[in-house]
Amino acid sequence: MSPALDLVANGSSPTNGHASNGHSATKKPADGFSTRAIHIGSEADESTGAVIPAISLSTTYKQNGIGIHKGFEYSRSGNPNRNALETTLSSLESGGAYALAFASGSSTTATVLQSLGPNAHIVSVNDVYGGTFRYMTRVAKENQGLETTFLDLENAGEEEVLAAIRPNTKLIWIESPTNPTLRLIDIARVASIAHSHPSHPIVLVDNTFLSPFYSSPLLLGADIVLHSLTKYVNGHSDVVMGALILPEHHEELTQKLRFLQNAIGAVPSAYDSWLAQRGAKTLGLRMKAHGRNALAVAKALEESPYVAEVIYPGLASHPRNELAWKSLSPHARKWIDTLSPASSDPASPPADGFPYSGMISFRIRSSASNSQLQTADTFLTSLRLFTLAESLGGVESLAEHPAQMTHGSIPPAERALLGIGDDLIRLSVGVEEEEDLIRDVLGALEKAVGSA
Ligand SMILES: Cc1ncc(COP(=O)(O)O)c(C=O)c1O
């Protein structure tokens, strides 16, 4: 393998379409996830020696002659901090060569859908993130004539997926795990079916819930990965931002999206880019802690008499536990293999579970005297460390009630079909001490169900 290809295979391509990428083929190709997170896109400043990049607030750049400059003209088209973040992201998402950052996950979605042009068709997973659903059905449909078929991509057979693809189907939209019921889509299977169809739709995976640490969709055949960087990648609940990452063979598509990134202009600020790059440096550390804590909390919930069902793909009780295991990123799998003694069958998930990001959903039992909603409310307001709040992926633990909060705009009948009842609670498990989180959750359950 040539050095360049080797770098691409490790998700650290030297080419990101930026003059200022800085990172080069001199990096060792075998650098692991956290090494890349810390070093790629973060070289010491040549002029000052500063190890941490300065925040470059200038909106415009001096030209030494018309069109003669150092790679920057105007900050919407390119900014040193945004470019550096994009370089980091292109290396973190394994199989990635190009990255584009946007002002939010939602503007990232909007830019992708606008790239499809008029009267295109999409096949999307049916319980896609609400804001994506809203953009597809209320904005792109009305303004672009874009039609979307929502399909249960977890269970649909090959024939059903192929039948949903039309001559004008340009995109398959996958989100896995889905929110909030954490259903898993077999990305490799859907990508292979999609690519076998004469319409050749591109396959996009919203990888927000797993982050580039637990899942590498580009290595499973996806064409584009999308992140709401607002969540795990930034990880500190202080930046709203999104990104796309594409593999080396999608240079043309990257150029098209980069044109729209500049033309639409939904770009992140230099300061937010700087913050997100700082956050991304600890992504590996944080995701390990999120996963370990979530597994421990999920097991404690499974043992509680006050809980009817725990949904965590790393648990053996999850219906797609084997798929979660099979589709772990190479670096997550390598780390998890060091946690427990080698199993007799490496193809089978560990019987006592494995870390799989930080999101858990569970169904609380009703107390004798209260409705499900009242019981859930008492649980959520009795928590001391988990904050009752929307969003996810920050270092602090959060808890929410999907039926009344994140998914409140879905009509009750549809919510019921998706399994989003008043008994469902979603946790974003942070990186606090494991035993404190378990004590917090069990204490609130006791108060809400045990003593009510
Ligand atoms: C899976 C997923 N995708 C996309 C988004 C949109 O991202 P943002 O809030 O950064 O616009 C969200 C936000 O919650 C999300 O959960």
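Q: Before we start, what should I know about the model and the numbering?
A: This is a predicted model, in which local features need pLDDT of at least 70 and side-chain atom pairs count only at pLDDT 80 or more, while totals for chains, interfaces and linings use all residues. Residues are numbered from 1 along each chain as its sequence is written, and side-chain values use heavy atoms, with hydrogens and water left out.

Q: Which residue carries the UniProt "modified residue" annotation?
A: The unreviewed UniProt entry places "modified residue: N6-(pyridoxal phosphate)lysine" at Lys-231. UniProt positions follow the numbering used here, feature names are shortened, and annotations may be inferred rather than shown by experiment.

Q: Where does Lys-231 lie?
A: Lys-231 is in the loop between strand S6 (224-228) and strand S7 (242-246). Helices (H or I, at least four residues) and strands (E, at least two) are DSSP runs, numbered from the N terminus.

Q: Is Lys-231 buried or exposed?
A: Lys-231 is buried, with a relative accessible area of 15%. Buried means under 20% relative accessible area, exposed over 50%, and partly exposed in between, using a 1.4 Å probe and protein chains only.

Q: And what does Lys-231 touch?
A: Leaving aside residues up to four places away in sequence, Lys-231 touches Thr-208, Ser-391, Leu-392 and Gly-393. Contact here means heavy atoms within 4.5 Å.

Q: Which residues surround the ligand?
A: Lys-231 and Thr-208 are among them, together with Ser-104, Gly-105, Ser-106, Tyr-129, Glu-175, Asp-206, Ser-228, Thr-230 and Met-241. A residue is included if one of its heavy atoms lies within 4 Å of the molecule.

Q: Which polar atoms lie by the ligand's oxygen atoms?
A: A polar backbone atom of Gly-105 is 2.9 Å from a ligand oxygen. Polar side-chain atoms of Ser-106 and Thr-230 also lie by ligand oxygen atoms, at 2.8 Å for Ser-106 and 2.7 Å for Thr-230.

Q: How much of the ligand's accessible area does the protein cover?
A: The protein covers 89% of the 390 Å² that the ligand has on its own. Accessible areas come from the Shrake-Rupley method with a 1.4 Å probe; for residues, only the protein chains shown count as cover.

Q: Changing topic, how many salt bridges are there?
A: The count comes to 13 salt bridges, each being a side-chain nitrogen of Lys or Arg within 4 Å of a carboxyl oxygen of Asp or Glu.

Q: What about the one with Arg-183?
A: The side chains of Arg-183 and Asp-152 meet at 3.0 Å, N to O. This pair links distant parts of the chain, 31 residues apart: Arg-183 is in the loop between strand S4 (169-175) and helix H7 (187-196), and Asp-152 is in the loop between strand S3 (147-151) and helix H6 (158-164). Arg-183 is buried at 16%, whereas Asp-152 is partly exposed at 23%.

Q: And which residue pairs with Arg-320?
A: Arg-320 forms a salt bridge with Glu-154 (3.0 Å, N to O). Arg-320 lies in the loop between strand S8 (307-311) and helix H12 (321-326) and Glu-154 in the loop between S3 and H6, so the pair ties together parts that are 166 residues apart in sequence. Arg-320 is partly exposed at 25%, and Glu-154 is buried at 14%.

Q: Where do Asp-337 and Arg-333 sit?
A: Both lie in helix H13 (residues 330-337), four residues apart, about one turn of the helix.

Q: Which residues do shared partners join into one network?
A: Salt bridges that share partners join Asp-127, Asp-152, Glu-154, Arg-183 and Arg-320.

Q: Next, Ser-361: buried or exposed?
A: Ser-361 is buried, at 0% relative accessibility, and lies in strand S9 (residues 359-364).

Q: What does the Ser-361 side chain reach?
A: The side chain reaches the backbone oxygen of Pro-180 at 2.5 Å. A polar contact is a pair of N or O atoms within 3.5 Å; within protein, one must be able to donate a hydrogen and the other to accept it, and residues adjacent in sequence count only if both atoms are side-chain atoms.

Q: Finally, which side chains does Thr-406 contact through polar atoms?
A: The Thr-406 side chain makes polar contacts with the side chains of Glu-400 at 2.7 Å and His-407 at 2.8 Å. Thr-406 is in the loop between strand S11 (398-400) and helix H15 (412-418) and is partly exposed at 26%.
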